[in-house]
Amino acid sequence: MTTPAYPPKPVPGDRVAVISPSAALPGILPLPYELGLERLRKEYGLEPVEYPATRRMGSTPQERADDIHAAFADRDIKAVMASIGGDDQITVLPLLDRELIRANPKPFFGYSDNTNLLAYLWNTGIVGYHGASVMCELGRPGAMDPLTAESVRAALFTSGGYELRPAERWRDVDRDWADPATFESEPETRPGTGWTWVNADRVVEGRSWGGCLEILAWLLMADREIPRDLSVHDGGVLFLETSEELPSAEEVFHVLRNMGERGLLQRFSALLMGRAKTWSFDNPNSPQEGARYAAEQREAVLRAMRAYAPDTTIVFDVDLGHTDPQIVIPYGGVIRVDGPARRITVTY
């Protein structure tokens with residue numbers, strides 16, 4: 001097992017690959033995608049480069065693996081960004097050439113179903129970046145949230161410590177990407193509530209691992225990209241979040257319980273739990289229903305942690321994953337969780 005190392009960072013003017021390792025939604029929902037590409041160019045000074053399957057819905061796992069290989073092998077490409085997530089990236093992993101990717105380390109940005117590729121990179125020895133998809137964060141209607149924009153800029157271009165801070169305002173209600181009117185104004189937000197700390201009497205510093213809980217569950221079921229030697233996670237920082245699928249509290253508990261039974265949950269000294277996504281087009285919860293859903297998920301997490309890792313430091317409602325604003329989390333990078341000072345610092 002190779003300890004993940006940070007790949008070289010791009011600089012303004014560089015070319016970056018934009019790929020669709022999961023669903024090629026740019027092909028059917030171009031408005032947020034084109035807006036995201038425009039912001040890459042104008043706000044970050046980067047030149048996006050598309051690959052054959054980026055907009056091709058129904059592309060095969062091999063075609064998507066070919067795009068990943070081409071993006072990493074091209075020496076003129078300095079970073080790789082996912083357009084969006086999906087639900088079948090696990091079928092791409094067996095087709096990847098680990099040695100090719102290891103020989104050409106680059107920052108990869110994505111989350112949700114891209115947890116698959118981030119876990120793969122972790123095992124390949126490359127720090128990845130959980131967050132900043134082109135369609136969701138860069139293609140946000142109106143403008144990028146300033147907290148998101150600042151984090152993306154720091155993760156893209158800088159190395160070293162970056163202190164996280166709770167969002168002053170947030171939202172998780174989405175609007176129709178097919179409707180041009182969606183992009184004429186910024187989405188409605190609500191006041192932030194800060195972070196909630198548990199066992200905050202210590203300082204933890206370690207390498208991160210985790211991602212979207214539903215995808216981790218699939219990786220565990222397929223026994224894919226989960227380290228055989230779990231001691232590599234000793235003292236590390238686990239970060240988790242849930243998606244617009246809105247898994248029930250019992251489902252969340254069951255996944256965490258199985259992680260505990262496998263001996264994985266108790267290896268980590270800290271857990272950062274992302275603010276729960278509480279609304280979707282299939283489940284348009286009211287604010288009250290959403291608050292109840294989030295409270296039930298928090299209790300499910302606490303129930304599992306009390307059973308398997310009762311001393312772990314936990315921070316709830318961190319702005320990571322399927323939330324807006326979104327802070328980029330280094331996957332395999334160093335995170336410092338300072339309980340007494342109530343501070344979280346990531347190393348980009």
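## A pocket, a sheet and some buried pieces

The second largest pocket holds about 340 Å³ of space. A pocket here is an open set of points on a 1 Å grid over the protein atoms alone, with protein on both sides within 12 Å along at least five of seven lines, and lining residues have an atom within 4 Å of a point. The volume is the space filled by probe spheres set on the points, which are joined across faces, edges and corners; the probe is 1.4 Å.

Keep in mind that this is a predicted model: local features need pLDDT of at least 70, side-chain atom pairs count only at pLDDT 80 or more, and totals for chains, interfaces and linings use all residues. Residues are numbered from 1 along each chain as its sequence is written, and side-chain values use heavy atoms, leaving out hydrogens and water.

- Of the 18 lining residues, Trp170, Thr193, Ala291, Ala294 and Asp317 are the closest to the pocket's centre.
- Strands E8 (190-191), E12 (270-274) and E13 (313-318) and helix H9 (287-308) each supply at least two lining residues. Helices (H or I, at least four residues) and strands (E, at least two) are DSSP runs, numbered from the N terminus.
- H9 gives the largest share, with seven residues.
- By class, the lining has nine nonpolar, five polar and four charged residues. Ala, Val, Leu, Ile, Met, Phe, Trp, Tyr, Cys and Pro count as nonpolar, Asp, Glu, Lys and Arg as charged, and the others, Gly among them, as polar.

**The eight-stranded sheet**
- Eight strands line up as E6-E16-E15-E10-E11-E12-E13-E9 in an open sheet with mixed pairing; two strands pair if DSSP finds at least two bridges between them.
- E6 (161-163) and E9 (196-198) sit at the edges with a single partner strand each, so one side of each has no neighbour in the sheet.
- E6 and E16 (343-347) run antiparallel, joined by three bridges, and Glu163 stands opposite Thr345 in E16.

**Buried pieces**
- In helix H4 (115-124), 10 of the 10 residues are buried, so the rest of the structure largely encloses this helix. Buried means under 20% relative accessible area, exposed over 50%, and partly exposed in between (1.4 Å probe, protein chains only).
- Among the buried residues of H4 are Leu117, Tyr120 and Trp122.
- E1 pairs with strand E2 (47-50) in the parallel sense over four bridges, and Ala17 has Val49 as its bridge partner in E2.
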